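Have the model open and follow along.

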Amino acid sequence: MLDNLMGILMSIKVTDIIDITVVAYLMYMLLGFIKKTRAQQLFRGVLLIVAFFLISEIFNLSLLNWLFTRLITVGLIAVVILFQPEIRRGLEQIGRRGVITRQFRDIGKEEIYATVHKLVDAVDDFSATRTGALMAIERETMLSDIAETGVIINAEISVRLLGNLFYEGSPLHDGAVIIRGDRVYAASCVLPLTERQNIGKNLGTRHRAALGLSEVSDAFIIVVSEETGAISVAQNGEFKRFLDLKTLEKMLLDIYIPFGEDRDLLSRLKFLKGGREDD
């Protein structure tokens, strides 16, 4: 038996190792993508159909084998149609790996920290006054089609501008703000709603829109509840709720400075502990 094992090990080539590694990685990526999405239920159904198909092959059940062969053929087309958003999101995630965020390449570090400071200050104001807010920070996936549903602003970010946009009396308050780099690119934008039913009945349209956009793009979406003032973030199809300002600040810095670059400048700027941004 030991000789047979040694013979098998000696017959393994470098290409075989590469082949196994690539397949294992792809399976890992597939399972990670399937987890916590509608595709999870789909995957269970596919496994069940494959199991019945194998049983029909083993026991030579001709009619059952014919039925599942046709079902698999039609099912592949149905999967592409029904799960187009999930497939698109998965392909976008694969394409984004190892790519530096384009929107933030040309922004200096001081401008990045100032932008994060303004965003956190604005969210602080919204939370304190229970002003409903929905802001989507564009990353690798361009949100131009979403921006076209609203009004193009293309103005420098400021606490006052964001406050005016989400003020209840403003004509642009009902919708999302798209942030591109260090600028408010568009306002009053319509986001796609998630179709998931398990996100909690206490979450309204604003939260469902945030989650919906995060399912079809890599945008970082900030939500402030109008009822409670609670701060939430939607990213990669998941929600993080009841955040404090420090946690939000760190998450924003991770977005704008992706690879853990030097952040010593933070201590030299007036942030949450310093003066307020009034511009």
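Predicted model: local features only at pLDDT ≥ 70, side-chain atom pairs only at ≥ 80, totals over all residues.

Residues are numbered from 1 along each chain as its sequence is written, and side-chain values use heavy atoms, with hydrogens and water left out.

**Helix α6**

Start with α6, residues 109-129. Helices here are DSSP runs (H or I, at least four residues) and strands are runs of E (at least two), numbered from the N terminus. How far apart are the end C-alpha atoms of α6? They are 30 Å apart, which agrees with the 30 Å that its 21 residues should span at 1.5 Å a residue; the expected span is 1.5 Å times one less than the number of residues.

Buried means under 20% relative accessible area, exposed over 50%, and partly exposed in between (1.4 Å probe, protein chains only). Lys109, also in α6, counts as partly exposed because its relative accessibility is 34%. The C-alpha atom of Lys109 is separated by 8.5 Å from that of Ile257, 148 residues apart along the chain.

**Two packing partners**

Two packed helices are described by the angle between their axes and the distance between the axes. Axes are lines fitted to C-alpha atoms, for helices over the stretch in contact, and angles run from 0 to 180 degrees between N-to-C directions. Contact means heavy atoms within 4.5 Å.

| Pair | Axes come within | Crossing angle |
|---|---|---|
| α6 and α8 (residues 159-166) | 9 Å | roughly 40 degrees |
| α6 and α10 (residues 245-256) | 10 Å | roughly 145 degrees |

Take α8 to begin with: its axis and that of α6 cross at roughly 40 degrees, and that makes α6 oblique to α8. Angles under 35 degrees count as roughly parallel, over 145 as roughly antiparallel, 65 to 115 as roughly perpendicular and the rest as oblique. On the α6 side the contact is made by Lys118, Leu119, Asp121, Ala122, Asp125 and Phe126, and on the α8 side by Val159, Leu162, Gly163 and Phe166. By class, this contact has six nonpolar, one polar and three charged residues. Nonpolar covers Ala, Val, Leu, Ile, Met, Phe, Trp, Tyr, Cys and Pro; Asp, Glu, Lys and Arg are charged; the others, Gly among them, are polar.

Now α10: its axis and that of α6 come within 10 Å. Ile112, Tyr113, Thr115, Val116, Leu119, Val120, Val123 and Asp124 of α6 meet Leu245, Leu248, Glu249, Leu252, Leu253 and Tyr256 of α10. That contact counts 11 nonpolar, one polar and two charged residues.

**Positive phi angles**

Just after α6, Arg130 takes a positive phi of about 55 degrees. Asn60, though not a glycine, has a positive phi of about 55 degrees; it sits in the loop between α3 (39-58) and α4 (62-82) and, at 62% relative accessibility, counts as exposed. Phe242 isn't a glycine either, and has a positive phi of about 55 degrees. Phe242 lies in the loop between β7 (238-240) and α10 and is exposed, with a relative accessible area of 61%.

**Helix α9**

Last stop: α9 (residues 205-216) reaches 17 Å from its first C-alpha to its last, close to the expected 16 Å. It is mostly covered, with 10 of its 12 residues buried, among them His207, Arg208 and Glu215.
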